[in-house]
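Thanks for asking me to look this one over. Here are my notes, as numbered points to read beside the model.

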Amino acid sequence: MIRPTTAADTPHLLALTEGTGVFKPHEIEALNEVLSDYHAETHKYGHVAVTYEEAGRILGYAYYAPAAMTDRTWYLYWIAVKRDTHAKGIGSKLLRYAEDDIRQRKGRVLFIETSSLPHYELTRKFYLKHGYEITGVLRDYYSDGDDMVVFRKRLQ
């Protein structure tokens, strides 16, 4: 089931994210700050955090929000699935949930950013499989040789 994320979920989401083997330590710290801010304040501004739970186990989550100073543009900031449950449809369910929720909120376009590094190849293929297009590449954005790849999908 996909449900709203609670503050009590934070330690589980941090461990899940770290356990993917994809995210860097400073990204885990950033997620902790994002979730703290979400529970304290940003949920009031339309930010959304949802958790995928099955049989009492947290298996994934997504975090998305409207982009400031835009006309109904949204960003998917975080999506992660427990490593031992990859390729079982959980990420797809979370992504579809976010897209449907954003549509209900009258969102018109969703952007997602990710890395160009080789260990993000499956992530990039995942977005392409779900109808996203690469709309831009910012060379050396994260670090030398690590580009930002920007995906886009029209929701209306």
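**Notes on the pocket and the sheet**

1. Strand β4 (73–81) gives the largest share of the lining of the largest pocket, seven residues. Strands here are DSSP runs of E with at least two residues, helices are runs of H or I with at least four, and both are numbered from the N terminus.

2. A word on the source: this is a predicted model, where local features need pLDDT of at least 70, side-chain atom pairs count only at pLDDT 80 or more, and totals for chains, interfaces and linings use all residues. Residues are numbered from 1 along each chain as its sequence is written, and side-chain values use heavy atoms, with hydrogens and water left out.

3. The largest pocket is lined by 43 residues, and Phe 23, Ile 79, Tyr 120, Thr 123 and Tyr 127 lie nearest its centre. A pocket is an open set of points on a 1 Å grid over the protein atoms alone, where a 1.4 Å probe fits, with protein on both sides within 12 Å along at least five of seven lines; lining residues have an atom within 4 Å of a point. Elements giving two or more residues to this lining include α2 (25–40), α4 (121–129) and β6.

4. Now the sheet: seven strands form an open sheet in the order β1-β2-β3-β4-β5-β7-β6, with mixed pairing. Two strands pair if DSSP finds at least two bridges between them. The edge strands, each pairing on one side only, are β1 (2–4) and β6 (133–143).

5. Strands β5 (109–115) and β7 (146–154) run antiparallel, joined by seven bridges. Phe 111 has Arg 152 in β7 as its bridge partner.

Key
Contact = heavy atoms within 4.5 Å. Axes fitted to C-alpha atoms, helices over the stretch in contact; angles between N-to-C directions.
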